[in-house]
Amino acid sequence: MHQTEEYQTNNKMGFKKLINYKKSLSLFAAAVLLGTQQLMAQGVAQGTTTTGTPDSMANSDMWTSVGYYVLLFLVGCVAIAIIGKILKVYDLSQRMQGKKPMNWNTIMGVICLVFIIAGMYGAYWSITVQGSMSLPVSASAHGADIDSMFNLTTVLTLIVFVITQVLLFGFAFVYRGSEKRKAYFLPHNNTIEKVWTIIPAIVLTILVVFGFFTWQKVENSTEAKGDLNIDVTGHQFAWELRYPGPDGKLGPLNYTLTTGLNNLGIDFKDPRSQDDLKADTLVLPVNKSIRLNIHAQDVIHSVYMPHFRLQQNAVPGLPTFFKFIPTITTAQMRVETDNPKFEYLLYCNKVCGGIHYNMQKVVRVVSQAEYQDWIAKQKPYLTDALKQELKIAAAKSNSQLPSNKLALNN
């Protein structure tokens, strides 16, 4: 009798605690929802009443969305905690009444089964929906090797992912705790150890060796006869392009020579520099070896052209290089993507400052004839104002040089 009264007292205390706990959580959830509404209202107000800069408005929208999802996550955690407390009290009441308590092993096993089904559907959705957003066929010669390496790695890791996750959560459901059987204790098994050590080692070795030779070929930027050398210089927040003139050679750079007019620090005392050309668009002749000479003037930037499977850091004081052969013209890619306004783009793939996103340059791949016509219209870096600043005698006119040698390194 005394024990029954004690159970009833504990039960009442448990329900009182639950009620107080639910009150606290309800107040917290209400505060969270109120904060969410205020954040959303603030975002709407800023979008309609303020005249701030695009940067400030973008940052405001970003933090509003982040705060919104954080609050949603907290509300979800509170809901789960309330459900857990309710189940705990229900389980306690079942024990007090002498009834069979909740079978938590079965509950956890079912949760694992639901989780693996939902997770596999999520993986399928990600592959089919987000996978369709992948880039089109590579527009460079080396890009096919990069894509092959990426696809092979993705397929192998996907197979391993499916097998391991199905086994992990499937075993948790099939072999969940039960009074009808006893778990088998397996302290060690040499065969299992060999299988899960040797097989992954072989697969990883193949991937590493394949990747090593592919990367070695991709990163081979040794200058060769016939390469078209183009300087790409990054600074906050733009890219500067420099093409060789009729002599087919780029002059040297010296940062100590940098001025307002000579923003790249070109050494115009070197004859090779005096016909170098300035361009606003990175125009490339198709099927020709391009060698990018990459520089940075302030912080680390990164030359990134995803359609060419190309990325190389631009490091201050340390020139880097990348060679590639564009294989698909812009006109052909417009047909391939069914987008008449398609353009290749050069991005910066390093977060280099507040206007990092603005470091974009149009990249246009054209035929050799179109390239020759375009390069003949570009203006030299050595302008009349710069000649006066450097006190350089008037350079020989480009029109006196044969037009068929423009910007060719042959």
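**Entry 1: α4 and α5**

I looked up the crossing of α4 and α5 in this predicted model and found that the crossing is left-handed. The two helices pack at an angle of about 165 degrees, and their axes lie 10 Å apart. Angles over 145 degrees count as roughly antiparallel, and α4 and α5 are therefore roughly antiparallel to each other.

I then listed the residues in contact. From α4 (143-174) they are Asp145, Ile146, Ser148, Met149, Leu152, Thr153 and Leu156. From α5 (190-218) they are Val203, Leu207, Phe210, Gly211, Thr214, Trp215, Lys217 and Val218. I noted the classes for this contact as 9 nonpolar, 4 polar and 2 charged residues.

**Entry 2: α3 and α4**

I next examined helix α3 (residues 104-130), whose axis comes within 7 Å of that of α4 and crosses it at roughly 160 degrees. That angle makes α3 roughly antiparallel to α4. The crossing of α3 and α4 is left-handed.

On the α3 side, I recorded Gly109, Val110, Cys112, Leu113, Phe115, Ile116, Met120, Ala123 and Ile127 in the contact. On the α4 side, I recorded Leu158, Phe161, Val162, Gln165, Val166, Phe169, Ala172 and Phe173. The contact of α3 with α4 has 15 nonpolar residues, 2 polar residues and no charged residues.

**Entry 3: the largest pocket**

I looked up the largest pocket, which holds about 440 Å³ of space. Its lining comprises 16 residues, and Leu135, Ile146, Asp147, Phe150 and Arg309 are the closest to the pocket centre. I noted that Ile146 also belongs to the α4 side of the contact with α5.

Which elements supply at least two residues each of the lining? I found α4, α5 and β7 (310-314). The largest share comes from α4, with 5 residues. By class, I recorded 10 nonpolar, 4 polar and 2 charged residues in the lining of this pocket.

I returned to Arg309 to read its backbone angle. Its phi is near 50 degrees, a positive value in a residue other than glycine. Arg309 sits in the loop between β6 (301-305) and β7.

I also checked the peptide bond from Gln236 to Phe237, and found it cis, with omega near 5 degrees. Phe237 is placed in the loop between β1 (228-235) and β2 (238-243).

I kept both entries because most residues other than glycine have a negative phi, and most peptide bonds are trans.

Terms used. Residues are numbered from 1 along each chain as its sequence is written. This is a predicted model: local features need pLDDT of at least 70, side-chain atom pairs count only at pLDDT 80 or more; totals for chains, interfaces and linings use all residues. Side-chain values use heavy atoms; hydrogens and water are left out. On a 1 Å grid over the protein atoms alone, a cavity is a set of points where a 1.4 Å probe fits but cannot get out, and a pocket is an open set with protein on both sides within 12 Å along at least five of seven lines; lining residues have an atom within 4 Å of a point. Grid points are joined across faces, edges and corners, and a volume is the space filled by probe spheres set on the points. Helices (H or I, at least four residues) and strands (E, at least two) are DSSP runs, numbered from the N terminus. Ala, Val, Leu, Ile, Met, Phe, Trp, Tyr, Cys and Pro count as nonpolar, Asp, Glu, Lys and Arg as charged, and the others, Gly among them, as polar. Axes are lines fitted to C-alpha atoms, for helices over the stretch in contact, and angles run from 0 to 180 degrees between N-to-C directions. Angles under 35 degrees count as roughly parallel, over 145 as roughly antiparallel, 65 to 115 as roughly perpendicular and the rest as oblique. A crossing is left-handed if the near helix is turned anticlockwise from the far one by less than a right angle, and right-handed if clockwise. Contact means heavy atoms within 4.5 Å.
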